[in-house]
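Thank you all for making the time this morning.

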Amino acid sequence: ESIDIRTSIFLMRKFSRQAFGLNAILAWVGVIGSLTVDATGVVVVPQFGPSYFGGHADGLAGSIPRVIDNLSYFTIWSNILVAITTTMIYRNMNRTSQRLKVMRLSSLMMITVTMLVYVLILAKDANPQSWNVYTDLLLHYITPPVTILVWLFFGPRKWISWKIIFSSLLIPITYILYTFARGAVIGKYPYGFVNVVELGYVGALIGTGVVLVLGLIIFLIYFIIDKLIPSSK
């Protein structure tokens, strides 16, 4: 019987590792695919307005500014963070460093916000074309739910505490500060609800505050779930 238990644990850990590996592959393919499309300019993406990202030269001439714009989207930040954390867990299933716990929770919150905000607010105006149809599916519709399901089924459990939650806010807050700082310099923004040119700073800060509140609610939901689901150990 003890041998059967050990075999079951071994198989469960093996399946868990494969799940993290699949999660990492999906995230990396989405990010690298999106960056490749922008770097090569194989898809012409229309600009929503003069105060939004875009408006660069077609083809390789506008490659660098397009890639920088791409790397300035919250979607890409969240998918990169998911890719990094799931890769780290895949490579070492026993890793329990404080940094990984913070990055893992931050990636969960950010990818969940990415999915909800895109599906509920941004998708209706997105209209991706050509290769971007596939990167859009990966970044917004496939990687987010897979990441959430992998966490629900395979954890790791009992990593979330109030200290981890507050530390996990550092990355999204850094993104917000970067977005406003870059926007102040170039006069362009990634999303309408943070567009200072259209909304002014008060409106943009309100929009950002609403998303932050959503992020805090998501943190609390994951915190409660983590407390209720027993540890696999």
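If we leave aside its neighbours within four places in sequence, Thr 143 is in contact, meaning heavy atoms within 4.5 Å, with Asn 23, Leu 26, Ala 27, Asn 79, Val 82, Ile 111 and Leu 138. Before going further, please keep in mind that this is a predicted model, in which local features need pLDDT of at least 70 and side-chain atom pairs count only at pLDDT 80 or more, while totals for chains, interfaces and linings use all residues. Residues are numbered from 1 along each chain as its sequence is written, and side-chain values use heavy atoms, with hydrogens and water left out.

Thr 143 has a relative accessible area of 1% and is therefore buried, where buried means under 20% relative accessible area, exposed over 50%, and partly exposed in between, with a 1.4 Å probe and protein chains only. Its place is in helix 5; helices here are DSSP runs of H or I with at least four residues, numbered from the N terminus.

How does helix 5 meet helix 4? The axes of helix 4 (residues 98-126) and helix 5 (residues 132-154) come within 9 Å and cross at roughly 135°, the axes being lines fitted to C-alpha atoms over the stretch in contact, with angles from 0 to 180 degrees between N-to-C directions. The two helices are therefore oblique to each other, given that angles under 35 degrees count as roughly parallel, over 145 as roughly antiparallel, 65 to 115 as roughly perpendicular and the rest as oblique. Among the residues making this contact are Ile 111 and Met 115 of helix 4, and Thr 143 and Trp 151 of helix 5.

Turning to the aromatic residues, the structure holds 15 aromatic pairs, counted when ring centres of Phe, Tyr and Trp (its six-membered ring) lie within 6.5 Å, with planes under 30 degrees apart called stacked, over 60 edge-to-face and the rest tilted. The rings of Trp 162 and Phe 223 have centres 4.9 Å apart and planes at 40°, so this pair is tilted. Trp 162 is partly exposed at 46% relative accessibility, whereas Phe 223 is buried at 13%.

Ring pairs also link Phe 53, Tyr 73, Tyr 191 and Phe 193 into a cluster. Two of these names return around Tyr 175, which is in contact with Tyr 73 and Tyr 191, among others. Tyr 175 is found in helix 7 (residues 170-186) and, at 5% relative accessibility, counts as buried.
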